[in-house]
Amino acid sequence: MWLAVLIGAGLAYLQKLLGFLVPNAFLARPVIRTATILMPISLLAALVAVQTFAVGTTLVVDARVAGLAAAVLLLVARAPFIVVVLAAAAATAAARALA
Amino acid sequence: MSVVQPNPMRLIRRQAIVIGLAVGTYGVSFGAISVASGLSVAQTSVLSLAMFTGASQFALVGVLGAGGSVVAAVLTSVLLGLRNSAYGLRLNELLQLPTTQRPIAAQLTIDESAAMALAHEHQGQAASRVAFWWTGAAVFLFWNFATLVGALGAEAISDLDAWGLDGAVPAGFLALLWPQIRSRPAALAAVLGGVVALVATPWLPPGVPVLLAGLGAIGLAVVVANRLGGDS
């Protein structure tokens with residue numbers, strides 16, 4: 001774990017420094033700009049999917065789906081971030097307790 | 001008749017502090033989610049101090065929590081951190097900081113500080129600088145304090161699954177994703193990412209499906225950018 005933490009942090013810092021050191025027209029190209037906007041979206045969506053429906057390399061449906069459903073409802077209702085996360089935890093715990 | 005103008009710098013500083021507090025609440029969730037994903041309180045705190053970029057932090061612990069390898073986790077966090085490079089580029093030309101300040105500015109380069117600097121661009125370079133530094137510092141302080149609170153809180157809970165924290169983790173990611181979906185390409189990127197990851201899960205080691213989804217976004221970006229470019 002420490003390896004991931006330290007290497008990840010080091011690379012993250014270098015990424016930030018890059019823009020300050022190297023003026024580069026490459027990063028301004030439309031494809032790059034679009035990619036930097038879309039990539040976090042795809043990655044986050046993938047994380048949502050995997051963390052809800054996967055256990056290792058197996059796809060399952062379990063109490064976490066209840067948490068996701070609660071989250072979707074609250075996000076549509078424009079609830080604050082912390083409320084969404086807490087409610088998802090509560091829904092998951094409830095679904096697990098009732099199953 | 002004279003109108004009392006509020007000091008613009010004071011307004012900027014106040015905005016920065018409000019943003020710092022707001023982002024701080026995300027920090028509590030990160031701290032808890034990180035510990036729920038198997039990291040220690042120390043590792044969690046180091047991430048918020050040294051990496052200090054929310055999306056990459058969530059991605060790193062998310063992939064590790066899903067059983068992914070160090071390589072997959074780091075690559076995914078790097079993919080998410082690419083936009084900080086884009087910010088740095090933009091901020092470099094906007095703020096024109098002395099060389100000695102740039103390494104520190106780089107550490108504080110995140111969505112919020114970049115957004116604030118750019119939002120106050122029309123008020124001049126001094127305003128942009130104040131916006132950048134104050135927002136960066138405020139977020140850094142509150143984010144790290146909140147991370148520690150969340151991490152310690154999660155560690156105090158003995159059975160994370162009984163408390164539903166494993167359901168809270170994807171909910172947190174969804175909450176981060178939600179406000180970013182403002183266009184059709186964005187919605188497409190989200191659906192594509194989820195589908196690719198799910199389809200790939202039985203076939204690849206944990207963590208790699210998420211990475212694949214990120215790479216898929218690059219392909220989508222090529223298509224989208226070419227579409228838009230060809231419409232003239």
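Buried means under 20% relative accessible area, exposed means over 50%, and partly exposed lies in between. Keep that scale at hand for the exercises below, which all concern a predicted model.

## Exercise 1: The salt bridges

Find how many salt bridges the structure holds over all chains, and describe the partners in each.

**Solution.** 

Step 1. Start with the idea behind the search. Side chains of opposite charge can pair when their charged atoms come close.

Step 2. Take the total. Over all chains, the structure holds 2 salt bridges.

Step 3. Look inside chain A. Here A:D62 pairs with A:R64 in a salt bridge, and their closest N and O atoms are 3.0 Å apart.

Step 4. A:R64 has a relative accessibility of 7%, so it counts as buried. A:D62 has a relative accessible area of 29% and is therefore partly exposed.

Step 5. Turn to the other pair. The side chains of A:R96 and B:D166 form a salt bridge, at 2.8 Å from N to O. This pair crosses between chains: A:R96 sits in helix α4 of chain A, and B:D166 sits in helix α8 (residues 165-177) of chain B.

Step 6. Classify these two as well. A:R96 is partly exposed because its relative accessible area is 29%. B:D166, at 18% relative accessibility, counts as buried.

## Exercise 2: Chain B and its helices

Describe the make-up of chain B, then say how its helices α1 and α3 are arranged.

**Solution.** 

Step 1. Count the elements. Chain B has 10 helices and 0 strands, and along the sequence its pattern reads α-α-α-α-α-α-α-α-α-α.

Step 2. Take the dimensions. The C-alpha trace of chain B spans about 70 × 55 × 40 Å along its principal axes. Of the 232 residues in chain B, 50% are buried.

Step 3. Two packed helices are described by the angle between their axes and the distance between the axes.

Step 4. Apply this to the pair. The axes of α1 (residues 8-36) and α3 (residues 54-65) of chain B come within 10 Å and cross at roughly 20 degrees. Angles under 35 degrees count as roughly parallel, and α1(B) and α3(B) are therefore roughly parallel to each other. The crossing in which α1(B) passes α3(B) is left-handed.

Step 5. B:F58 and B:S34 are 24 residues apart along the chain, and their C-alpha atoms are separated by 7.6 Å.

## Exercise 3: A helix pair across the chains

Determine how α2(A) and α9(B) are oriented, and which hand their crossing has.

**Solution.** 

Step 1. Read the geometry. The axes of helix α2 (residues 30-53) of chain A and helix α9 (residues 184-200) of chain B come within 7 Å and cross at roughly 40 degrees. That angle makes α2(A) oblique to α9(B).

Step 2. Assign the hand. α2(A) and α9(B) have a right-handed crossing.

## Exercise 4: A nonpolar surface patch

Which residues form a nonpolar patch on the surface with about 350 Å² of accessible area together?

**Solution.** 

Step 1. Name the members. The patch is formed by A:L3, A:I7, A:L11 and A:L14.

Step 2. Follow one of them. A:I7 is part of helix α1 (residues 2-21) of chain A. With a relative accessible area of 39%, A:I7 is partly exposed.

Key: Residues are numbered from 1 along each chain as its sequence is written. Chains are lettered from A and ligands numbered from 1 in the order in which they are written. This is a predicted model: local features need pLDDT of at least 70, side-chain atom pairs count only at pLDDT 80 or more; totals for chains, interfaces and linings use all residues. Side-chain values use heavy atoms; hydrogens and water are left out. Patches are made of residues with over 30% relative accessible area and no salt bridge: like charges are joined within 9 Å, nonpolar side chains (Val, Leu, Ile, Met, Phe, Trp, Tyr) within 5 Å. Accessible areas come from the Shrake-Rupley method with a 1.4 Å probe; for residues, only the protein chains shown count as cover. A salt bridge is a side-chain nitrogen of Lys or Arg within 4 Å of a carboxyl oxygen of Asp or Glu. Helices (H or I, at least four residues) and strands (E, at least two) are DSSP runs, numbered from the N terminus. Buried means under 20% relative accessible area, exposed over 50%, partly exposed in between (1.4 Å probe, protein chains only). Axes are lines fitted to C-alpha atoms, for helices over the stretch in contact, and angles run from 0 to 180 degrees between N-to-C directions. Angles under 35 degrees count as roughly parallel, over 145 as roughly antiparallel, 65 to 115 as roughly perpendicular and the rest as oblique. A crossing is left-handed if the near helix is turned anticlockwise from the far one by less than a right angle, and right-handed if clockwise.
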